[in-house]
Amino acid sequence: MSNAAPVTVTVTGAAGQIAYGLLFRIASGALLGSDTPVRLRLLETPAAVGSLEGVAMELEDGAFPLLAGIDISDDPWIGFDGANIAILVGARPRTAGMERSDLLAANGPIFTDQGAAINANAAEDIRVLVVGNPANTNAFIAMSNAPDVPAGRFTALTRLDHNRAIAQVAEKTGAAAADIARIIVWGNHSATQYPDLTHATVRGRSALEVIDDSAWVTDHFIPTVQQRGTAIIKARGASSAASAASAAIDHIHDWVLGTAPGDWTSMAVPSDGSYGVPEGLISSFPVTCSRGEYAVVPDLEIGEFARTRIDHSVAELVGERDAVIDLGYAKRS
Ligand code: NAD
Ligand code: LMR
């Protein structure tokens with residue numbers, strides 16, 4: 001039994017697929033540890049509130065010792081009230097015939113409103129993770145509409161890509177996932193991302209030396225990680241859900257409780273200009289976390305191949321940023 005005050009965690013899209021995996025793990029203590037009670041604030045669209053009530057009943061039936069309460073709302077102004085952590089999963093999905101630009105436009109109003117509601121009502125220590133796609137740019141919109149919240153509190157999920165990269169290296173080398181460190185995912189959570197093994201290690205040795213197969217890296221590893229989301233949609237008929245929920249848990253867990261000594265992780269965070277990424281753009285970087293703060297790993301050597309790949313993904317993010325600025329959903333920082 002813990003005497004600590006509950007942490008308020010707001011989850012949007014709470015009746016959806018990802019949330020169905022996420023909420024039970026948050027309630028079990030996987031997000032913030034077994035000493036920290038959580039109060040869940042669940043946000044949905046009006047049409048999905050009925051279904052969300054069923055999810056809330058199931059959460060109650062889990063009899064989780066750390067679950068200090070559940071609130072349901074379809075109003076972001078209520079849903080983010082007092083939130084310490086906000087996981088923004090709900091987004092307008094891409095439907096047949098929709099271009100990426102249509103997706104940006106459809107999500108603009110959602111993340112504009114949610115950014116404003118976070119700005120007005122969240123707790124002072126609010127930390128935001130955007131999962132709903134296009135995640136980096138949705139996070140950019142929310143950040144832009146929350147001028148009183150430090151920009152660095154807005155992040156987007158590339159931990160799933162990071163975990164996918166670890167899984168590929170584990171399969172290739174026969175090592176356990178826990179033996180693999182210092183993977184990097186750069187750029188956008190999209191097919192342009194650059195999963196980078198240059199600095200990665202397997203049981204402390206250079207991953208590239210252990211793998212010793214540069215064709216595998218360029219012709220298999222990179223495209224497999226980049227296209228994994230699409231491959232899962234093709235196989236399941238729906239986008240990744242449990243693995244996305246697991247990665248969201250990993251992202252917030254490490255942000256709040258710290259990365260493992262000697263390792264780092266990948267998070268999409270507002271650029272401070274590091275590695276030639278324009279300031280303010282929410283792009284994936286290698287980061288270490290300690291005492292609730294993250295820091296971009298400095299001074300890594302970037303070769304010509306990496307430079308081209310990073311620039312390509314960053315150019316896509318710049319295009320998305322400019323499109324949502326032109327649509328009036330965000331401001332140039
Ligand atoms: P889903 O359709 O099952 O659930 C989404 C839920 O969001 C729905 O219940 C919907 O009613 C709700 N929603 C929509 N607009 C909302 C709003 N304004 N406020 C509150 N709720 C709202 O989808 P899912 O499988 O849970 O995926 C959610 C998002 O996550 C999608 O955009 C998907 O592409 C994305 N995703 C991201 C990653 C990543 O790594 N970043 C991985 C997988 C999926
Ligand atoms: C994923 O990486 O699995 C998802 O972002 C794919 C998607 O388009 O929902």
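**Exercise 1. Find which domains the assignment gives and how far apart their C-alpha centres lie.**

Step 1. Domain 1 (7–156) and domain 2 (159–320) make up the domain assignment of the protein, with bounds from an automatic or database domain assignment. This is a predicted model, where local features need pLDDT of at least 70, side-chain atom pairs count only at pLDDT 80 or more, and totals for chains, interfaces and linings use all residues. Residues are numbered from 1 along each chain as its sequence is written, while chains are lettered from A and ligands numbered from 1 in the order in which they are written.

Step 2. Between the C-alpha centres of domain 1 and domain 2 there are 23 Å.

**Exercise 2. Describe the side of domain 1 that touches domain 2.**

Step 1. Here 27 residues of domain 1 are in contact with 23 residues of domain 2 (C-beta atoms, placed from the backbone, within 7 Å).

Step 2. On that side of domain 1, α5 gives the most, with six residues (helices are DSSP runs of H or I, at least four residues, and strands of E, at least two, numbered from the N terminus).

**Exercise 3. Work out how α6 meets α8.**

Step 1. The axes of helix α6 (residues 159–173) and helix α8 (residues 214–236) cross at roughly 140° and come within 9 Å (axes are lines fitted to C-alpha atoms, for helices over the stretch in contact, with angles from 0 to 180 degrees between N-to-C directions).

Step 2. α6 is therefore oblique to α8 (under 35 degrees is roughly parallel, over 145 roughly antiparallel, 65 to 115 roughly perpendicular, the rest oblique).

Step 3. Asp161, Arg164, Ala165, Gln168 and Lys172 of α6 make the contact with Trp216, Phe221, Thr224, Val225 and Arg228 of α8.

Methods:
Contact = placed C-beta atoms within 7 Å.
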